[in-house]
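The following exercises, each with a worked solution, are to be done with the sequence and the coordinates at hand.

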Amino acid sequence: MNRVISISNHKGGVGKTTSVVNIGAGLANHGRKVLLIDLDPQANLTISYGLAESEKHIYDAYSSGNGLEPVSIRDNIDLIPASYNLTAAEMKLKTDVKEENYISTLIQPIKEKYDYVLIDCPPSLGLLTLKAFAASDEVIIPIQPHFLAVKGLAKIIEVVNEIKATVNKKVEISAVFVTMFDRRRILHQDVLDTIIMYFDDRVLRAKIRNNIALAEAPTAGQDIFEYDSTCNGAYDYGRIVQEIIDMEAKFGN
Ligand SMILES: Nc1ncnc2c1ncn2[C@@H]1O[C@H](COP(=O)(O)OP(=O)(O)O)[C@@H](O)[C@H]1O
Ligand SMILES: [Mg+2]
């Protein structure tokens, strides 16, 4: 079984990195072998594991010809770190056409070792994100129920469709879920209704509520299940992970 999933939303601060950490941890706790790829030049994922931003990032693996050298985080979780230099890599890519599908090329030889490859995308629909979509089977979108959030959805759908029509016919938006949800706010419920209009049954039933423990856990170098297994954040991400596992019959290949 193998699923390559981009966690993407071109808006920053919606919970992408938090989701990669905690979905990754939840999957690992269910015995899945997980590779996390930090593709954001801000390197938040890398830093939240207590690692310094590193030269062993994905573009370096490509340009040095060494291939990917994942760092072991713990049982069942490996990481490809990021570096601020990924920004320079993105610039270079613009001028170098033959590097078209390099993320996909790099993942190929090692992906059989993992059940899940989760890519933490940068907050843009720039080249790095396009490369991630080109290398992915699925895109999963965390959405903060903000008034402007819905406006961006049409754009990301368009970009995924473009990649599907050109370089990767497999890729699809397999799921979306709501983050930082507060059911008492009417706006949040309204935005959720709009999201369901766009994505129908691809909207996961579980919602990630606002939970301060999710913001605290990385400062302790822990995922939410280690930090406080009884908090709302652990419960909510646990349910999201279960729904993603339930999709294996359809998406695992
Ligand atoms: N459900 C949540 N409740 C409270 N704080 C959250 C939640 N999800 C994420 N955060 C916090 O919000 C900020 C942005 O989240 P992050 O995962 O870094 O977003 P992104 O990767 O999309 O930029 C971080 O400080 C994070 O700790
Ligand atoms: Mg992030």
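**Exercise 1.** Determine why N76 counts as buried, and then find which residues N76 touches.

*Solution.* A residue is buried if 20 or more other C-beta atoms, placed from the backbone, lie within 10 Å of its own, exposed if 12 or fewer, and partly exposed in between. N76 counts as buried because it has 20 C-beta neighbours inside 10 Å. In the chain, N76 belongs to the loop between β3 (71–74) and β4 (77–80), strands being DSSP runs of E with at least two residues and helices runs of H or I with at least four, numbered from the N terminus. Leaving out residues up to four places away in sequence, N76 touches A28, R32, K33 and V34, where contact requires C-beta atoms, placed from the backbone, within 7 Å. The C-alpha atom of N76 is also 7.1 Å from that of G31, although 45 residues separate the two along the chain.

The model is predicted: local features need pLDDT of at least 70 and side-chain atom pairs count only at pLDDT 80 or more, while totals for chains, interfaces and linings use all residues. Residues are numbered from 1 along each chain as its sequence is written, with chains lettered from A and ligands numbered from 1 in the order in which they are written.

Note on methods: Two residues are in contact if their C-beta atoms, placed from the backbone, lie within 7 Å.
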